[in-house]
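Subject: Structure handover

Hello,

Here is the structure I promised to pass on. Please open it next to this email and follow along.

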Amino acid sequence: MKRMTILAAALVILGGSALAGEAIEGNWKTASGETAAIAPCGSAFCVTLKTGKHAGKQIGKMSGTGNSYSGDITDPANDKTYSGSGTVSGNSLSMKGCVLKVLCKSQTWTRL
């Protein structure tokens, strides 16, 4: 009986995680205080600003699974695009954008 209970609990946990979206999906508060939405778009995840001066502008497209993602990130103020990466840890998303892999800028976003 104990074994059946443990097995049932494991199936519920695994089933729940299979139905959940990727860790990066959702609404995030950026370092500048704006809200960005990250949602599936094709085989990747698009990053779109929802508030602020550049609301509605897509500023990134990332691919990955679990807690590690990579792709392109655009600075909406100057329209420059950088090679970027993101790592999700709980309710934090550490974003990093680099030029030539040596000049990098990082910021942390918080899940809303």
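Which of the 15 residues in the largest nonpolar core touch the most other members? They are I24, I38, L93 and W109. Keep in mind that this is a predicted model.

**The core**

β2, β3, β4, β5 and β7 (92-99) each supply at least two of its residues. The largest share comes from β3, with three residues. There is a general background to this. In soluble globular proteins, nonpolar side chains tend to be buried together.

Click on L93 next. Leaving out residues up to four places away in sequence, L93 touches I24, W28, I38, G86, T87, V88, Q107, T108 and W109. Three of those names, I24, I38 and W109, are also on the list of core residues that touch the most other members.

**The overall layout**

Now zoom out. The protein has one helix and eight strands. Starting at the N terminus, the order of elements is α-β-β-β-β-β-β-β-β. The protein has 112 residues, and 27% of them count as buried. Residues 24 or more positions apart account for 22% of them.

Find T30 in the loop between β1 (26-29) and β2 (35-41). Is T30 buried or exposed? T30 has a relative accessible area of 8%, so it counts as buried, the cut-off being under 20%. Its side chain makes a polar contact of 3.1 Å with the side chain of S32. Setting aside residues up to four places away in sequence, T30 touches A36, L49 and W109. Look at W109 in particular. T30 and W109 are 79 residues apart along the chain, yet their C-alpha atoms are separated by 4.7 Å.

**The salt bridge**

How many salt bridges does a search of the whole structure find? The search finds one. D79 pairs with K57, and the closest N and O atoms are 2.2 Å apart. The two residues are 22 apart, and the pair links distant parts of the chain. D79 sits in the loop between β5 (68-75) and β6 (80-89), while K57 sits in the loop between β3 (44-49) and β4 (58-65). In general, side chains of opposite charge can pair when their charged atoms come close. K57 counts as partly exposed because its relative accessibility is 26%, which lies between the 20% and 50% cut-offs.

D79 has another feature to check. Its phi is positive, about 60 degrees, although D79 is not a glycine. Here is the background. Most residues other than glycine have a negative phi.

**Two residues in β5**

Start with T74, which is in strand β5. T74 is buried, because its relative accessible area is 16% and the cut-off is under 20%. The side chains of T74 and T81 are joined by a polar contact of 2.9 Å. Neighbours within four places in sequence aside, T74 is in contact with I59, D79, K80 and T81. D79 on that list also forms the salt bridge with K57.

Then go to G71, also in strand β5. G71 counts as partly exposed, at 23% relative accessibility. G71 touches K61, M62, Y82, S83 and G84, not counting residues up to four places away in sequence.

**A patch on the surface**

Finish on the outside. Which residues form a nonpolar patch on the surface? They are V99, L100, V102 and L103, with about 430 Å² of accessible area together. Pick out V102 in the loop between β7 and β8 (103-111). V102 counts as exposed because its relative accessibility is 65%, and exposed means over 50%.

Over to you.

Best wishes

Note on methods. Residues numbered from 1 in each chain as written. Predicted model: local features only at pLDDT ≥ 70, side-chain atom pairs only at ≥ 80, totals over all residues. Heavy atoms only, no water. Salt bridge = Lys/Arg side-chain N within 4 Å of Asp/Glu carboxyl O. Helix = DSSP H or I, 4+ residues; strand = E, 2+ residues; numbered from the N terminus. Buried < 20%, exposed > 50% of the residue type's maximum accessible area, 1.4 Å probe, protein only. Polar contact = N/O pair within 3.5 Å; in protein donor to acceptor, adjacent residues only side chain to side chain. Contact = heavy atoms within 4.5 Å. Core = buried A, V, L, I, M, F, W, Y, C linked by side-chain atoms within 4.5 Å. Patch = residues over 30% accessible without salt bridge, like charges linked within 9 Å, V, L, I, M, F, W, Y side chains within 5 Å. Areas by Shrake-Rupley, 256 points an atom, 1.4 Å probe, with all protein chains shown as cover.
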